[in-house]
Amino acid sequence: MCGAGCDDAPPHLRHDLSVSAYRVAEAAEVLGVSDDTLRRWIDAGRVPARAGDDGKTRVDGVDLAALAKSIADHGAEGFGQVSRAAAVSARNRMRGIVTAVKKDTVMAQVEMVCGPYRMVSLMSAEAADDLGLEPGVLAIASVKSTNVIVELP
């Protein structure tokens with residue numbers, strides 16, 4: 001919590017643990033592409049989308065996670081976009097989408113795509129459950145040395 005004169009800007013994206021679909025602007029920010037690029041991909045049938053209750057186009061979180069993983073694995077060239085990996089530098093805190101969660105009784109491996117970067121974090125299964133981490137959930141990867149800490153925005 002900040003006092004008077006706080007410089008912390010509010011987050012650009014909304015977040016709710018029950019989020020299952022993203023507005024085009026949110027999905028584009030997660031992928032590190034423009035809204036127009038994502039709309040072209042939707043119009044071309046490369047990305048599944050639907051109209052939300054408010055009439056705005058939505059991309060389901062699971063579909064967005066699959067697309068983010070595909071772009072991270074193979075680049076965005078197949079989608080008409082040159083990879084931005086060389087143009088965007090990593091920061092200590094990166095907003096992204098969870099693409100996979102593998103859990104056993106003690107530990108969880110959480111994979112995320114943050115723009116052009118694939119991040120993997122190991123944490124307790126209890127922490128992953130408490131955060132509600134599953135494919136399609138928006139999260140923040142906080143990088144400290146060789147550790148990746150996953151937080152909710």
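Me: What covers the buried residues of α2?
Reply: The cover includes α1 (24-31), β3 (57-60) and α3 (61-74). The model is a predicted one.

Me: Which residues of helix α2 are buried?
Reply: Helix α2 spans residues 35-43, and its buried residues are Thr-37, Leu-38, Trp-41 and Ile-42.

Me: What makes these residues lie on the same side of α2?
Reply: Their directions from the helix axis cover an arc of only 140°, and this puts them on the same side of α2.

Me: Which exposed residues does the face of α2 turned away from its buried side carry?
Reply: That face carries Arg-40 and Asp-43. Being called exposed means that a residue has over 50% relative accessible area.

Me: Which residue takes a positive phi just after α2?
Reply: Gly-45 does, with a phi of about 80°.

Me: Why is Val-33 called buried?
Reply: Its relative accessible area is 12%. The term applies under 20%, so Val-33 counts as buried.

Me: Where is Val-33 found, and how is it placed relative to Pro-116?
Reply: Val-33 is in the loop between α1 and α2. Along the chain, Val-33 and Pro-116 are 83 residues apart, while 9.5 Å separates their C-alpha atoms.

Me: Why is Met-107 called partly exposed?
Reply: Met-107 has a relative accessible area of 39%. Buried needs under 20% and exposed needs over 50%.

Me: Where in the secondary structure is Met-107 placed?
Reply: Met-107 is in strand β5, which comprises residues 107-114.

Me: How many helices and strands does the protein chain have, and in what order do the elements run?
Reply: There are 4 helices and 8 strands. From the N terminus on, the order is β-α-α-β-β-α-β-β-β-α-β-β.

Me: What share of the protein chain is buried?
Reply: Of the 153 residues, 39% are buried. The chain exposes about 8700 Å², and carbon and sulfur atoms supply 50% of that area.

Me: What share of the contacts with a separation of 6 or more joins residues 24 or more positions apart?
Reply: Such residues account for 53% of these contacts in the protein chain.

Note on methods: Residues are numbered from 1 along each chain as its sequence is written. This is a predicted model: local features need pLDDT of at least 70, side-chain atom pairs count only at pLDDT 80 or more; totals for chains, interfaces and linings use all residues. Side-chain values use heavy atoms; hydrogens and water are left out. Buried means under 20% relative accessible area, exposed over 50%, partly exposed in between (1.4 Å probe, protein chains only). Helices (H or I, at least four residues) and strands (E, at least two) are DSSP runs, numbered from the N terminus. The arc is that of the directions from the helix axis to the C-beta atoms. Contact means heavy atoms within 4.5 Å. Accessible areas come from the Shrake-Rupley method with a 1.4 Å probe; for residues, only the protein chains shown count as cover.
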